[in-house]
Amino acid sequence: MKKNFDTQYISENSPYLDKIIALGDLNKSTLGFLPQVVFVERARDRQLLAIIDGEDLAGYILFYPTGGKVRITHLCVADNYRGQGVARTLVNELIDSKKYSAIVLNCRRDNPAWEMWKALGFTGVADTPGRGKDLHSLTVFRLQLSNDSLFQFEDDIDKSRLSVTIDANIFYDIDDPTRDGAEETQGLLEDWIYPQLQICITDELLNDILNHDVLAHRERMRSISTSFDQLAGDHDAFCKIEAELKYLIKDNNSPRAQSDRRHLARTLASKSEIFLTRDRNLLDHGEIVFQKYNLSILSPHQLIANIQKYQNASEFQQKRLEGTSIASKRLNELSEIELSLFVKHGEGEKLNELKRKLKTAIASPEKQSCKTTLSEDGKPLSLCLSENVSPNQLNVIIFRMSSSAIQSRIVGTLIRTLLMQLVLDAKSNGQSIVKICDSITDQRIVDALVERGFISTTDGWAKLVINKIGSQKEIADHIASISKESGINSPQIEEMVSVLEEPLTRLDTHSILMIEHLIWPGKITGTSVPCYIVPIKPKWARGLFDSGLAKQQLWASDPHLLLNPDSVYYRSIKPQVIYKVGRILWYVSADNKHLGGSCIRACSQLTNYQTGEAKEMFKRYERFGVYRWNEIKSLSETTANKGKVMAIEFTDTELFQNIISYQTAVKCLEKYKSFSNFQSPVSIEEQAFFELYNLG
């Protein structure tokens with residue numbers, strides 16, 4: 001590399017942004033089409049890195065973080081700078097940032113850059129089918145950045161794809177890229193995003209195809225439609241929703257508008273999470289539809305620009321369960337639910353075998369617990385049988401979803417809520433191990449297990465529930481001890497112990513926080529992890545994580561399930577105190593309308609923070625929180641915010657058994673020569689964090 005080359009993150013206002021977009025367009029025959037809005041969004045999020053030579057652009061890399069790793073969308077080098085190490089320098093910048101555990105990407109085998117990735121140290125870990133008529137193969141390349149493979153979500157091949165339903169226009173765009181406006185849709189088919197999507201259609205598309213006059217054209221369209229997953233929805237639900245949409249969506253009631261409503265109604269009656277359209281009227285009604293049905297209406301551009309947000313948010317949407325009549329109940333009689341829905345016929349299990357297990361549990365309530373969840377119409381959704389095998393271990397003998405649950409849009413939320421409940425049960429019982437003994441084959445459950453910190457073992461899955469704080473050595477010794485006592489064998493646990501025995505200087509913030517995620521609620525002392533106290537109004541604390549403040553119960557028999565493991569909180573952009581991920585103590589401020597304020601009530605792990613225009617932030621995170629647009633708009637319209645807000649993403653929330661009063665918190669901070677009236681976030685010493693944490 002030349003010494004005068006400058007590597008820099010490109011902002012949305014950078015004069016080089018237009019040059020980057022132009023270079024991408026120039027090379028779109030190999031890179032694929034990417035809307036300009038994606039470049040702008042990534043620049044805003046500091047996910048666009050470029051190498052500048054004076055006034056010239058040598059190359060750029062476009063990426064986004066997901067699940068602890070980073071995924072490359074584009075790496076492009078200008079023709080006159082090729083062979084000078086530009087690509088290697090861009091990749092090395094990602095490596096040197098110490099933020100990611102791995103770098104992954106998809107690349108066509110016929111792409112000229114295919115060999116380059118191997119030369120840069122990447123390993124081809126899998127092949128996945130591409131799209132298009134040639135059905136070219138895509139290689140999944142991976143560059144491991146640490147020796148801690150336990151930090152990886154096992155999703156390089158994106159087995160768990162984001163389900164999106166397309167309307168007729170998007171379908172025709174995919175078939176004919178020359179249609180007016182179809183270029184926007186082509187971005188869905190590019191190699192970096194296509195393998196991450198499950199593109200679906202509904203029956204209504206077949207009605208739309210009937211409108212074409214030429215028989216040969218109709219037959220060709222029907223043939224093409226068979227290459228997409230066709231969603232099935234309940235007919236009664238479809239009729240009910242279609243009637244509701246007539247009053248919810250204002251339109252001219254033309255045949256085209258009626259067809260649009262039917263497309264949307266059939267989508268809502270199915271399991272899809274996102275409805276893709278270019279219809280302006282439907283997009284304009286997106287907010288009101290989401291508030292009522294929890295389905296996002298997006299344009300292809302909106303999905304492409306924020307794919308990682310929708311991938312992450314779709315897995316746990318506590319909002320999906322709010323306002324429903326889903327109930328969790330203890331099973332006391334075998335006749336209470338239809339057990340045949342949960343028999344694993346494919347594994348040779350018999351109904352009588354399942355009945356025997358459940359009879360034993362029902363007869364031994366002091367040792368075993370059998371619970372089910374029921375839908376609004378009384379249909380069983382899940383079956384969970386757990387057993388206290390020792391004071392230190394909770395075994396989950398049965399963990400299953402019914403077919404109706406698997407087909408529903410709430411399945412991701414339901415699975416994560418149930419897993420979280422098991423961990424909370426173990427924590428309250430003083431147990432350090434939750435072991436899943438049932439065979440798990442459904443990929444949605446596997447994804448949820450990995451996301452919630454369960455580790456694959458030789459005979460199932462296990463979650464470490466380390467209910468203590470300690471030094472690296474103390475935590476490592478404790479993990480080794482309970483693993484040996486429980487007889488759990490896992491290379492990942494061995495690796496975790498090995499990593500914790502490394503000198504602290506070799507562990508970055510990401511590694512420490514990931515370990516704390518895997519051993520939640522355990523904490524590691526003596527680190528350089530940033531710590532903050534963040535004020536939150538009682539209204540939002542109640543909705544985001546605090547069941548003690550909640551007036552309404554989410555699940556009738558388990559009100560503490562309101563605890564939301566992943567969420568987002570909006571606040572003012574000033575003062576700017578938060579600059580790095582870390583740990584949060586939540587200070588619930590005083591409020592005349594709500595009791596229980598002026599105290600610290602919980603802690604979480606801060607996973608990300610973003611500042612931007614209010615509407616953009618709301619659209620990006622609407623599937624997480626409990627906010628409505630008018631609430632975010634009101635926050636942004638203050639003089640200080642000037643139309644902007646800060647979004648704080650957090651996970652692994654732990655409610656304190658003891659509240660920490662304002663006076664106690666102030667006295668604690670004074671010891672560390674710090675003071676705050678908790679009107680805005682404050683950065684605190686790690687020692688102060690743990691002193692307050694221990695009080696809670």
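Student: At roughly what angle do the axes of helix H10 and helix H11 cross?
Tutor: This model is predicted: local features need pLDDT of at least 70, side-chain atom pairs need 80 or more, and totals for chains, interfaces and linings use all residues. Residues are numbered from 1 along each chain as its sequence is written, and side-chain values use heavy atoms, without hydrogens or water. Helices (H or I, at least four residues) and strands (E, at least two) are DSSP runs numbered from the N terminus, and axes are lines fitted to C-alpha atoms, for helices over the stretch in contact, with angles from 0 to 180 degrees between N-to-C directions. The axes of H10 (residues 235–248) and H11 (residues 255–268) come within 9 Å and cross at roughly 135°.

Student: What does that make H10 relative to H11?
Tutor: Angles under 35 degrees count as roughly parallel, over 145 as roughly antiparallel, 65 to 115 as roughly perpendicular, and the rest as oblique. The crossing is at roughly 135°. Therefore H10 is, relative to H11, oblique.

Student: Which residues of H11 do the H10 residues meet?
Tutor: A contact means heavy atoms within 4.5 Å. From H10 come Phe 238, Ile 241, Glu 242, Leu 245 and Lys 246. In H11 they meet Arg 261, Arg 262, Leu 264, Ala 265, Arg 266 and Leu 268.

Student: How many of the eight residues of H6 are buried?
Tutor: Buried means under 20% relative accessible area, exposed over 50%, and partly exposed in between (1.4 Å probe, protein chains only). In H6 (residues 168–175), Ala 168, Ile 170, Phe 171, Tyr 172, Asp 173 and Ile 174 are buried. So by that cut-off H6 is mostly covered, and the buried count is six.

Student: Which residue caps the N-terminal end of H6?
Tutor: Look for a side-chain oxygen 3.3 Å from the backbone nitrogen of Asn 169. The residue that supplies this oxygen is Asp 167.

Student: What is omega for the cis peptide bond that joins Trp 520 and Pro 521?
Tutor: Most peptide bonds are trans. Pro 521 sits in the loop between helix H22 (509–518) and strand S21 (523–524). The bond from Trp 520 to Pro 521 is cis, with omega about 10°.

Student: Is Lys 673 buried or exposed?
Tutor: Lys 673 lies in the loop between helix H26 (662–671) and strand S27 (682–684). Its phi is positive, near 55°, though the residue is not glycine. Its relative accessible area is 82%, so Lys 673 is exposed.

Student: What percentage of the chain counts as buried?
Tutor: The chain has 27 helices and 27 strands. Of its 696 residues, the buried share is 57%.

How values were computed: Polar contact = N/O pair within 3.5 Å; in protein donor to acceptor, adjacent residues only side chain to side chain.
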